[in-house]
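Please consult the sequence and the structure below while reading.

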Amino acid sequence: MKIETEIREQFKKTFGDPAGTMYASAGRINLIGEHTDYNGGFVFPGAIDKCIMAEIRPNGTDRVRLRSVDMDDSAEFGLEESDKPEQMWARYVFGVCREIIKRGGRVGGFDAVFAGNVPLGAGLSSSAALESVFAFALNDLFNDGRIDPFELARIGQSTEHNYCGVNCGIMDQFASIFGRKNKLIRLDCRSMEHEYFPFEPEGYRLVLVDSVVKHELVGSPYNRRRESCERVAARLGLDCLRDAGYDDLERVRGDISDEDYSRAHFVIGEKQRVLDVCEALGRGDYETVGRCMYETHEGLSKEYEVSCEELDFLNDVARKEGVTGSRIMGGGFGGCTINLVKNELYDKFIDAAVSKFEARYGHKPKIYDVIISDGAHKC
């Protein structure tokens, strides 16, 4: 693998012998269930064949020395709270170290070089992959694997909250840790109960069309939408919108803002769509899966308002080309659409998406075929 070779060369050049141990953790797609994780609902993600890899070697000190191949940058820091590095990319690793230590785990100094092929800003959770590969590796190297995988996912989530300024849910880190080849995961984000569903759709392909519109979630509308949901849940006397139905929402409509109503209306519908898609997959009904994907996009665009012109355009192209299902994927404000495409329509759809998008916006979208793969592991 090209990435692994490049990492090993950089590691030897930067830190010398002996070699470290190689680990990997995946980015993720989410077939359905967007912005439901922090509302206590269901999501349906899977790890993909795009990953972050890291070569790591304990160095016997209390210092961490990092090299990011993709950023062409280095960082060094200690393991105390006051040692937080300046570079944002390094804070993801620092945060993982600190969250392990806060939980009573052990972290010593180490040297690491990492790189990946998870596209940045495309909604594939490159940050969760980075957090998960280091959480998994540091658990293996310094804690003999004693930290529970659920806790590893929470360590990544807490890193986002406490060191990176994003009040995210648990889905991304969970998928990066728990992903399995050819399986999607229905995760109950409140109970953390999960179930694996085989996903090898005969006659279909999953393809991401990246608008190359980058989004920045730190201090962004992402947090404001979460606050909307929390206000509605509080008005209903609930801990989260997971327990709300449309009738409950209508009962308090006069007491909440139109904006908060729209946000909650989407989340309540999306909760049910995840369950509908799981049932549809069980009977091989990909037309229902696709219909739910289009409904999700409509809600994300019109009610949750996290889409953008470019993503709505790509969704329209997919519909006109007969694509079975298409929707914006990820936190929003840019990134990809995820598309469930019949094999015989694939080439025609890609040609149309690329040519029409370029004609409208002056640049080509990027195309990523994805396969459902394993999550965090030692290589």
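## Basis of the description

Two strands count as paired if DSSP finds at least two bridges between them. Helices (H or I, at least four residues) and strands (E, at least two) are DSSP runs numbered from the N terminus.

The model is predicted: local features need pLDDT of at least 70, side-chain atom pairs count only at pLDDT 80 or more, and totals for chains, interfaces and linings use all residues. Residues are numbered from 1 along each chain as its sequence is written, and side-chain values use heavy atoms, with hydrogens and water left out.

## The sheet E2-E7-E8

The protein chain holds 11 helices and 13 strands. Three of the strands form an open antiparallel sheet in the order E2-E7-E8. Strands E2 (42-43) and E8 (194-198) stand at the edges with a single partner strand each, so one side of each has no neighbour in the sheet.

Five bridges join strand E7 (residues 183-188) to E8 in the antiparallel sense. Arg 186 has Glu 195 in E8 as its bridge partner.

## Overall form and packing

Along the principal axes, the C-alpha atoms of the protein chain fill a box of roughly 60 × 50 × 40 Å. Of the 379 residues, 60% are buried, that is, under 20% relative accessible area with a 1.4 Å probe, counting protein chains only.

Among contacts (heavy atoms within 4.5 Å) with a separation of 6 or more, 71% join residues 24 or more positions apart.

Definitions and conventions. Buried means under 20% relative accessible area, exposed over 50%, partly exposed in between (1.4 Å probe, protein chains only).
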